[in-house]
Amino acid sequence: MTNVKIVEVGARDGLQNEKTPLSVDDKLALITGLMAANLVYIEVGSCVSPKWVPQMAGSTKVFSKLPKQSKTQLSLLTPNLRGLQDALAVGCKDVAVFTAATDSFTQHNINCTIDESLARFADIIALAKDHDVRVRGYVSCMVDCPYEGAVSPSQVAHVARRLYDLGCDEISLGETIGTATPNRVKLAWQACLDELDKHVLAGHFHNTYGMAIANVYASLEQGIRIFDSSVSGLGGCPYAKGASGNVATEDLHYLLTGMGFQTGIDIDQLMKVSQMISKKLNRDNGSLFTKARLAQCTSA
Ligand code: HMG
Ligand code: MG
C-alpha cells in the first residue's frame with residue numbers, strides 16, 4: 001500500500017527546459033520505464049504553445065501512444081481551453097492548470113495576471129468536470145518569486161483557496177526557484193492549512209540550493225502527504241532562470257521509506273530509468289541516491 005502519493009513530473013517539468021527536445025520515442029521510453037517502476041501518477045507533458053515551450057510539442061502524441069493501465073493516472077498541463085480540448089481529444093482524464101502567487105510570474109509564464117488566469121480556469125474546470133476529468137491546480141512561487149522576491153504566505157494561501165473554490169481537486173504549491181528554507185516553507189503551509197484540508201495539498205520543490213529534501217521533510221511535519229518529484233532530479237522552468245530540477249524521485253523514495261512510509265516504487269527499475277535518461281540528455285545524474293548506489297556497485 002502506498003501511503004504517500006508521488007506525482008512524477010520528470011517527463012514534463014524535467015524535459016520542458018532541456019536544450020535539445022527529446023523525440024516522441026525517447027519520451028515514450030522514459031514514461032513506460034517510469035510506469036514499470038510502479039509510478040502511478042505521471043505527468044506526460046503540456047498542451048501549451050510550441051512557440052512558448054518547444055520541448056513540449058507533441059505531448060498529446062506521446063499521450064495517445066502510451067499504454068493505458070487502470071492503475072496509472074497520466075496527466076497533461078492545460079493552461080487554456082485550447083489545451084484542454086487537445087487533452088480531451090486524446091482521452092486524457094487528468095489535467096493541470098497553473099498560475100502563481102505573483103502577477104509578474106503569471107505574466108511571464110502564461111501571459112496574463114492571476115485574476116485573468118483564474119477566469120480562464122473557471123471555463124477549463126467547468127468543461128473538464130463535464131467530461132469527468134480531474135483537475136490539479138498549481139500555484140508557483142510558494143515562497144519566492146524570481147521577479148518580485150519574497151511572497152507572503154497569505155497571498156499563496158489566497159490563490160490556493162481560489163483554485164480550490166473553482167473546483168480543483170488537488171493544489172500543488174510550487175517552490176519554483178528552489179531558494180526556500182524549511183522554516184519559510186512551514187509558514188506557507190501554515191497559511192494554506194488555515195484555508196484547506198491537508199489531503200488536497202501537494203508540495204513541489206525545486207532543488208537549486210539543495211534544500212528540496214529538507215523542504216519535503218518540513219512539509220511532512222505539517223501533515224502534507226503528496227509530493228511532486230522527477231526521476232534523476234530533472235527539471236526547471238523556462239520562466240524561472242537559473243532554477244534547477246525537482247527533488248529527485250529516488251531521493252524522495254529514500255527519505256520516505258527511511259521514515260517508514262511506503263511509496264510502492266520499484267527502486268532498481270527507477271534507477272535504470274534514471275541512468276537511461278541522464279545518458280540520453282548527456283547530463284550528470286541529479287539523484288544523490290542513484291549516484292551513491294552506483295558508486296557502491298562499482299567499488300564492490
Ligand atoms: P498567448 O500568447 O497569450 O496565447 O499564450 P494566444 O492565445 O495569443 O496564442 C499565441 C499562439 O499560441 C497562437 O499561435 C496560438 O494558436 C498558440 P499563432 O497564431 O501565433 O501561430 N496557442 C497554442 N498552441 C498549442 N497549444 C495551446 C495553445 N494556446 C495558444 N494550448 C499560453 C498563452 C498559455 C498559450 C502561453 O503562455 C504558453 O503556452 N505558456 C506555457 C507556459 C509553460 O508551459 N510554462 C511551464 C509550465 S509551468 C511550471 O513549470 C511551473 C510548475 O512546475 C510549478 C513550479 O515549479 O512552480 C508547474
Ligand atoms: Mg516546477
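## Helices α7 and α8

α7 passes α8 in a right-handed crossing, meaning that the near helix is turned clockwise from the far one by less than a right angle. Helix α7 covers residues 153–166, and its axis lies 8 Å from that of α8 at an angle of about 45 degrees. The two helices are therefore oblique to each other. Angles under 35 degrees would count as roughly parallel, over 145 as roughly antiparallel, 65 to 115 as roughly perpendicular and the rest as oblique. From α7, the contact uses Pro153, Ser154, Val156, Ala157 and Ala160; from α8, it uses Leu187, Ala188, Ala191 and Cys192. Contact means heavy atoms within 4.5 Å.

Axes are lines fitted to C-alpha atoms, for helices over the stretch in contact, with angles from 0 to 180 degrees between N-to-C directions. Helices (H or I, at least four residues) and strands (E, at least two) are DSSP runs, numbered from the N terminus.

## Model basis

This is a predicted model, in which local features need pLDDT of at least 70, side-chain atom pairs count only at pLDDT 80 or more, and totals for chains, interfaces and linings use all residues. Side-chain values use heavy atoms, without hydrogens and water; residues are numbered from 1 along each chain as its sequence is written, while chains are lettered from A and ligands numbered from 1 in the order in which they are written.

## Magnesium site

Three residues supply the protein donors of the magnesium ion (ligand 2): Asp13 (OD), His204 (NE2) and His206 (NE2), at 2.0 to 2.3 Å. Donors are N, O and S atoms within 2.8 Å of the metal (3.2 Å for Na, K and Ca); water is not among the atoms, so sites may look incomplete. The sequence spacing of the donor residues is D-x190-H-x1-H. Asp13 sits in helix α1 (residues 10–14) and His204 in strand β9 (residues 201–205), so the pair links parts of the chain 191 residues apart.

Asp13 is buried at 2% relative accessibility. His204 is buried too, at 4%. Buried means under 20% relative accessible area, exposed over 50%, partly exposed in between (1.4 Å probe, protein chains only).

## Helix α11 and its partners

Helix α2 (residues 24–36) and helix α11 (residues 267–280) have axes that come within 8 Å and cross at roughly 165 degrees. That makes α2 roughly antiparallel to α11. Their crossing is left-handed. Residues of α2 at the contact include Leu30 and Leu34; those of α11 include Val273 and Ile277.

Helix α12 (residues 288–299) also packs on α11: the axes come within 11 Å and cross at roughly 100 degrees. α11 is thus roughly perpendicular to α12. Ile267, Met271, Ser274 and Gln275 of α11 meet Phe289, Thr290, Arg293 and Leu294 of α12.

## Helix α9

Buried residues of helix α9 (residues 212–221) are Ala212, Asn215, Val216, Ala218, Ser219 and Leu220. Their cover includes β8 (170–175), α8 (182–193), β9, β10 (226–229) and α10 (249–258). Gly223 follows α9 and has a positive phi, near 95 degrees.

## Two buried serines

Ser229 belongs to strand β10. Its relative accessibility is 0%, so Ser229 counts as buried. The Ser229 side chain makes a polar contact with the side chain of Thr249 at 2.9 Å. A polar contact is a pair of N or O atoms within 3.5 Å; within protein, one must be able to donate a hydrogen and the other to accept it, and residues adjacent in sequence count only if both atoms are side-chain atoms.

Ser59 lies in helix α3 (residues 59–65). Ser59 is buried at 3%. A polar atom of its side chain lies 3.1 Å from the backbone nitrogen of Ser46. Beyond neighbours within four places in sequence, Ser59 touches Val44, Gly45, Ser46 and Leu76.
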